[in-house]
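Here's a quick briefing to read alongside the model.

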Amino acid sequence: LDCNENNFGSVLPGTDTLHRYPKPLQKDLKKKIAELRGMRAEQIFIGVGADESIDTVIRAFCTPGKDAIIITPPTFSFYRQRADISDVRTIDVPLRPDFQLDMKNLVEEASRPDVKVIFLCSPGNPTAVSLKYDDIVSLLESSYKGVVFLDELYVDFCGRESLASLVNKYP
């Protein structure tokens, strides 16, 4: 019981393995997600919710007290919160009134050498608006050399396909 496992098994019929912790490398899950999203399993990171993934990206790519991220308000507040906790500056490039990217200002701010990550949320939280595919591709094809983090947490509820497979063309 030191691992907080239920040795008696699941109470749900047909789910005999739910009483154990998942495999740490999640190979089977990554394979299934890769098939669903048109990617390779090794391109997938699985975290404990979106919050951990956001935190991991900031910690992996940004140097505290030196680097910056870009967010596009109104957007998910956790991007700024995690940057603040990690002593990483946040640059706001507000969405236009139609809740689409302000590409001119975004590309201009992204040209700063201290910008290491751009967080985009599509569909937006709290706007529920999906960002334009052409704008995302335009950013990926711009001179920006950092990480573009496309948060598609709610993509399966918005009536459009995930853009995750863009990682194949824009690693």
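**A strand and its neighbours**

β1, helix α3 (residues 78-85) and β2 form a right-handed β-α-β unit; right-handed here means that, with the strands pointing away from the viewer, the path from the first strand over the helix to the second runs clockwise. Helices (H or I, at least four residues) and strands (E, at least two) are DSSP runs, numbered from the N terminus. This is a predicted model, where local features need pLDDT of at least 70, side-chain atom pairs count only at pLDDT 80 or more, and totals for chains, interfaces and linings use all residues. Residues are numbered from 1 along each chain as its sequence is written, and side-chain values use heavy atoms, leaving out hydrogens and water.

**Strand pairing** (at least two DSSP bridges between two strands)
- β1 runs parallel to β2 (residues 89-92), joined by four bridges, and I71 has D92 as its bridge partner in β2.
- β1 also pairs with β3 (residues 115-121), again parallel, over three bridges; there, I69 is bridged to V117.

**Burial**
- β1 (residues 68-71) is covered on both faces, with A68 and I70 buried on one side and I69 and I71 on the other (buried: under 20% relative accessible area, 1.4 Å probe, protein chains only).

**The largest pocket**
- 38 residues line the largest pocket, and M39, Q43, F149, L150 and A164 lie nearest its centre.
- α2 gives the most to this lining, with seven residues.
- α1 (27-37), α2 (49-61), α5 (133-140) and β4 (147-151) each supply at least two lining residues.

How values were computed
1 Å grid on protein atoms, 1.4 Å probe; cavity = no way out; pocket = protein on both sides within 12 Å on 5 of 7 lines; lining within 4 Å. Buried < 20%, exposed > 50% of the residue type's maximum accessible area, 1.4 Å probe, protein only.
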